[in-house]
Amino acid sequence: METTAASRFPDRPQFSGFMKPCRVEGNVEHLEVLGEIPKNIDGTFYRVMPDPQLPPYIQDDPWFNGDGNISAFKIKDGKYRNKFTDAVEFKVRSTANTNVVFFNGQLLALKEDSPPYALDPTTLETKGLHTFGGLLSSLTFTAHPKFDPKTGEMICFGYEAKGDGTPDICYYNVTPAGEFSQTLWLVAPVVAMIHDFAVTDNWVLFPLIPQLCDIDRLKQGGEHWQWSADTPFYVGLLPRRGAIPSDVKWFQYKNSFPGHTANAYEDDEGQVVFDVGLSEKNVFFWWPDSQGNAPAPSSIHSQLTRFIINPRSNNLELDYPEVLHSGNSEFYRIDDRFATRKYRHCFFNSMIPELGTDFPKIAPKLGGGYPLYNSLTHYDIMTGNSDVYCPGTTHMVQEPVFIPRKGSTEEADGYILVLVNNYDTMNSELHLLDTKSFERPQAVILLPLRLRQGLHGNWVDADDLRSSGEWPERVVTGTDD
Ligand SMILES: [Fe+2]
């Protein structure tokens, strides 16, 4: 293929230091382990990072525009194995670089502007675009589908679902057997980014980030997204099942930036409890407002915040939320067996300057353009107690995943696995923590390579991988218009 692409990456923070593109695929086995991996952990941690294959056409391209590069970390019998490969063939614009989930026997790499890519869960070979047997009627698919642990359903949506600049949201439910049980088209009050969402037993919530798309600006070569300080933070509340488009209620709160969802559920009074990372400033500072204004990255502070929404209320102004945890945090994860229901434990990335991180030492190697977190916090929402894990003075953490302890059904009883950037060795490490003794690692697995900052991943137990389902050829659709 002919190419006119530049042969060097721009001299920018997002392409240097630890963020220098890796552009390697391979397989490493029998890695060094400090400590001991419990023998009863058996499964795979899949995660994805943006990793540009080629220098970008845009010099100051956001760091997360890279091609999706998937890692699979397999743990079995107290041993560790790594296999990763670049996942994407360039058939559509998707770089499939945001999340990787396992559902109905399919490993799906996701980016919210396109349908998923299916991968072989063992070899990570790209199978191709996945349209759920042709049933996916939206052009886009969220990178944050939700999974109901009781029903086994996947609950998902696409925004800009009829193309760039369209206000349409397509909401759908997929049964554990892969059948679309419901498809519903909605119209959002503004064409906004909807990165994450939330699901309870009976409700679905769509938080709109006040980053707006103007199709004319886009056609004239402008950025897809522009921060709008005049736009409230809208939350669309929709009955999860059997809704019609006019059932959606657009609640609103003052202009602010909703980040990732921790969880949502209904309390005893039937009110919807929605726990989300919230910042008063534009977290996506690289997409400023129409005047070019953007906050300094160091001034952005996201907190774990709780909104309580009465679905029956006709007052669409949301009450001031409760700040559950005041620290600077993001990438909230829970024991996924408690998704959509009342829960108590939350694990997340935190930035705690007092932990002794050697910022002068690591600063020249950081690479830039992404939020940094030097610790993991295990937050007990009931007691307000925080356990903090600091991986080291030259380390930063990526998103954690929770692994349930074999045989235990107690919430949050198990392990946390997290990819750690070590700026001293300039290699990556996996740190395994027992949630009962969170402040010291159970094991540290040393990788002989550097993996860039990634976005999301998930743990798949070996038993679930073995019980892979088949995707139906053609199934009955819901109320698709
Ligand atoms: Fe995300």
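**Exposure, loops and a histidine site**

Me: How many C-beta neighbours does Met426 have inside 10 Å?
Reply: Met426 has 14 C-beta neighbours inside 10 Å and therefore counts as partly exposed. A residue is buried if 20 or more other C-beta atoms lie within 10 Å of its own, exposed if 12 or fewer, and partly exposed in between, with C-beta atoms placed from the backbone. This is a predicted model, in which local features need pLDDT of at least 70 and side-chain atom pairs count only at pLDDT 80 or more, while totals for chains, interfaces and linings use all residues. Residues are numbered from 1 along each chain as its sequence is written.

Me: And where is Met426 found?
Reply: Met426 sits in the loop between strand S30 (414-422) and strand S31 (427-434). Strands (E, at least two residues) and helices (H or I, at least four) are DSSP runs, numbered from the N terminus. The phi of Met426 is near 55 degrees, a positive value in a residue other than glycine.

Me: Now His30: what is its phi?
Reply: The phi of His30 is positive, about 50 degrees, although His30 is not a glycine. His30 belongs to the loop between strand S1 (26-29) and strand S2 (32-35). With 8 other C-beta atoms within 10 Å, His30 is exposed.

Me: Changing topic, which residues does UniProt list for "binding site"?
Reply: An unreviewed UniProt entry lists His144, His195, His260 and His456 under that feature. These residues are spread over 313 residues of sequence, yet they cluster in space, with a largest C-alpha distance of 12.5 Å. UniProt positions are given in the numbering used here, feature names are shortened, and annotations may be inferred rather than shown by experiment.

Me: Let us take His144, then. Which residues does it touch?
Reply: Not counting residues up to four places away in sequence, His144 touches Asn99, His195, Asp196 and Phe197. Two residues are in contact if their C-beta atoms, placed from the backbone, lie within 7 Å. His144 is in the loop between strand S9 (126-129) and strand S10 (146-147). It counts as partly exposed because it has 19 C-beta neighbours inside 10 Å.

Me: And His195, buried or exposed?
Reply: His195 counts as buried because 21 C-beta neighbours lie inside 10 Å. Its place is the loop between strand S14 (192-193) and strand S15 (198-199). Leaving aside residues up to four places away in sequence, His195 touches Glu112, His144 and Ile209.

Me: What about the hairpin of S8 and S9; how many residues lie between the strands?
Reply: There are 6 residues between the strands, and Leu124 in this hairpin takes a positive phi near 65 degrees. Strand S8 (residues 117-119) pairs with S9 in the antiparallel sense over 3 bridges. Two strands pair if DSSP finds at least two bridges between them. Leu119 stands opposite Thr126 in S9.

Me: Finally, what pLDDT does the protein average?
Reply: The average pLDDT is 90, and 92% of the residues score at least 70. The term pLDDT denotes the predictor's confidence in each residue, from 0 to 100.

Me: Where does pLDDT stay under 50?
Reply: One such stretch is residues 81-91, for which the model has 41 contacts beyond four places in sequence. Another is residues 470-481, with 29 such contacts. Where pLDDT is low, the predicted coordinates should not be read in detail.
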